[in-house]
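Please look over the sequence and the structure shown below before turning to the report.

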Amino acid sequence: MQVMLRSLPSTRAGARPVRPARKMTPCLAASRSIPRATNEQKIDLLKKVECFIFDCDGVIWLGDKVIEGVPETLDMLRSMGKKVFFVTNNSTKSRAGYMSKFQSLGLDVKAEEIYSSSYAAAAYLESINFQKKVYVIGETGILEELDLKGIRHLGGPSDADKRVTLKSGEFMEHDHGVGAVVVGFDRYINYFKIQYATLCIRENPGCLFIATNRDAVTHLTDAQEWAGNGSMVGAIVGSTKREPIVVGKPSDFMLKNISATLGLRPDQICMVGDRLDTDIMFGKNGGLATSLVLSGVTTEEVLNSPDNKVIPDYVLSKLPDLLTVKESAMVAA
Amino acid sequence: MVVSIKKATDQEKLAAFQNYDAWVFDLDGAPWSHYSNSCRVVRHGYFPRATFRPPGASAPGVIANSLISGIARCAGTIWKGSGLVPGAKEFIELLRSYQKKVFFVTNNATKSRVTNATKLTGLGIAATTAEVYTSSFAAAAYLKTTGFRKKAYVVGEKGLVDELSAAGITCVGGPEHVGKEVDWTEPEPQVEIDPEIGAVVVGLDRYINYYKLQYATTCLVNNSSCMFIACNTDSRGHFSSSQEWAGAGTMVAAIIGSSEREPMLLGKPASFILDHLCATHQISRDKCVVVGDRLDTDILWGNQNGVATCCVLTGVTSEAQLLSPENKVQPKLYVDSLGDFLTVKPLLPTSCTIM
């Protein structure tokens, strides 16, 4: 299973620039051309898969606009008795919080169909029968999900204005009842939170270090890319020299949790996403069927490039392409 | 196989004195490396609880026993308690009287070389600016060697900006970006960067925030030729006398996490400071010795860079830790304290230039 681990900067002797090693494989004779899914393939997909897991950005919506045809596609899947989940690595909102985004886009979803990384953190703690307190670096979403699971917490937005002055003899107290630090995306990250989390992880025996995700980039606006939770998590890795348990993509916790909850085999579940290195890789690592849509960040060129090693089972221009086999599929179902 | 070493005999100390022309002393653990200006027993009711041990420590060492007082927070190579290690000043003067060169190195990027030199002199050890190496100076010196003409975006504090400015580098960020926030209520929030930035330089920053992370990340991601410089990557440091605090490694790792770029490290344990020191003062590596109290930084630094090392036991490392079979970092020699070197004095030929 591929988990994106980052080691600390290498302590290299010598003043040579350190660039990340890029493995370029020799260019093969001709670049391939992976075709879009045929109607037969689409019918086959709809027959064998009982549950669809969707990445949201680039699959269901683009920025603030739902992709045309998506609501009808979801209706079709539901009427065929398929289960659907919407997965997002964004931890700032709880599942209930995301509901309003879906509803404002005209999408009819239930909170239980949304699998946010904020929910994943709480679900993980529940799965290990966690009884202690949690120190949270993150926004309200994580706190709300912890509340729903009855897990006590401290930190979060209430530590946004705390400052460290480091006066003579300054000593930061910390709660020795904290048994886990959960780090999610936090636009109000500061040195106080970093130090508090560090003390918990270093000094509380057995304290867990959990990350909702490690995405380097998050899409908050269309105009530019924004530093993602990879940086908040990086900060705590830097101060503790420990690696976290990642509960969001591309870790397979979410997938295991979903398949266990539904009682389905992995091959009965299809991951639908627009990113090869996260969504499709994530699905493959979990033994799922995988379907790439070209309505998001991945282009046909990138898919077919000799440098790309990640081959999805199916390729669609966009999710609503499944509607072309609606009648045949509904009959077969 | 780990070779166990014994404490340096008088003959070994004499040989070291005669052989090494440049003595590089670790400054970390100096009283002013704390944000407080002096190192005192913590009196106001905060009693440090039993805390973590330094990584690799297998037995309660100096730190665990000295937590209650906080005095040992000032312990290092040259400092013990609220004063100098007995004999340290005299030994350094002895070195100078025999034409040996003396240097002081710290990974702390927050105070300039001038500040460090002034404080050393004030406490009885005469030191010039040129004898002090900070990781902030290393960053500035490195940029100069590349003929850097652009601007530097600084994630760090005033000391770092001071060293870069002293090297003629225009800085953006640093203390000026303390408290700066993205306004998320705007319809299209954004962080615009100065297009002339050619390097992101990162040191300890107690005022780290999302705005700075985003600014630094954007500089590195938008421009692959923008350099990424880390003053140091220490995970922790003694920034107050009672406790260890998250170090510069935090800020550096945060920016690695969002930019997916690796930095160039300039401070210990990279070789740059030793390279610069040897080149500038025409010293050959085999005539150089690093003296410090930390196995995983000072001693490892010297060992990895072809320089002899001497461990002192007045700081964080105890004899038990040093000699433990689990310890993989062996200095060339070790002594209880820097002052122990004074036993060589009567064994030396009379110096030509008596001080």
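## Confidence of the model

This is a predicted model, and for the complex the predictor gives an ipTM of 0.83 together with a pTM of 0.83. The average pLDDT of chain B is 84, with 83% of the residues scoring at least 70.

Residues 34-74 of chain B stand apart from that average, as their pLDDT stays under 50. Where pLDDT is low, predicted coordinates should not be read in detail.

## The sheet of chain A

In chain A, six strands make up an open sheet whose order is 5-4-1-13-14-15, and the pairing is parallel. Strand 5 (114-116) and strand 15 (314-316) of chain A stand at the edges; each has a single partner strand, so that one side of each is left without a neighbour in the sheet. From one strand to the next, the twist averages 25°.

Strand 1 (residues 51-55) and strand 4 (residues 83-88) of chain A run parallel and are joined by five bridges, and A:F54 stands opposite A:F86, a residue of strand 4 of chain A. Two helices of chain A pack on the sheet here: helix 3 (residues 95-104) touches strand 4 and strand 5 of chain A, with a direction that makes about 120° with that of strand 5, while helix 4 (residues 117-127) also touches strand 4 and strand 5, its direction making about 80° with that of strand 5.

## Helix 8 of chain B

Helix 8 (residues 248-259) of chain B has 12 residues, which at 1.5 Å a residue should span 16 Å; the end C-alpha atoms are 17 Å apart, in agreement with that expectation. The helix is mostly covered, since 12 of its 12 residues count as buried under the cut-off of 20% relative accessible area. Among the buried residues of helix 8 of chain B are B:M251, B:V252, B:I255 and B:I256, as well as B:T250, B:S258 and B:S259.

The residue that follows helix 8 of chain B is B:E260, and its phi is positive, near 60°, in a residue other than glycine. B:E260 lies in the loop between helix 8 and strand 12 of chain B, and its relative accessibility of 46% means that it counts as partly exposed.

## Further backbone features

In chain A, a positive phi near 60° is found at A:K241, likewise a residue other than glycine. A:K241 sits in the loop between helix 7 (229-240) and strand 12 of chain A.

Cis peptide bonds, with omega about 0°, join A:K249 to A:P250 and B:K268 to B:P269. A:P250 belongs to the loop between strand 12 (245-246) and helix 8 (253-262) of chain A, whereas B:P269 belongs to the loop between strand 12 (264-265) and helix 9 (272-280) of chain B.

## An annotated position in chain B

According to an unreviewed UniProt entry, the annotation "binding site" covers B:D293; such an annotation may be inferred rather than shown by experiment. In the model, B:D293 is placed in the loop between strand 13 (288-292) and helix 10 (295-304) of chain B. Is this residue, B:D293, buried or exposed? Its relative accessibility is 1%, and B:D293 therefore counts as buried.

Note on methods: Residues numbered from 1 in each chain as written. Chains lettered and ligands numbered in written order. Predicted model: local features only at pLDDT ≥ 70, side-chain atom pairs only at ≥ 80, totals over all residues. Heavy atoms only, no water. Pairing = 2+ DSSP bridges. Helix = DSSP H or I, 4+ residues; strand = E, 2+ residues; numbered from the N terminus. Axes fitted to C-alpha atoms, helices over the stretch in contact; angles between N-to-C directions. Contact = heavy atoms within 4.5 Å. Expected span 1.5 Å × (residues − 1). Buried < 20%, exposed > 50% of the residue type's maximum accessible area, 1.4 Å probe, protein only. pLDDT = per-residue confidence, 0-100.
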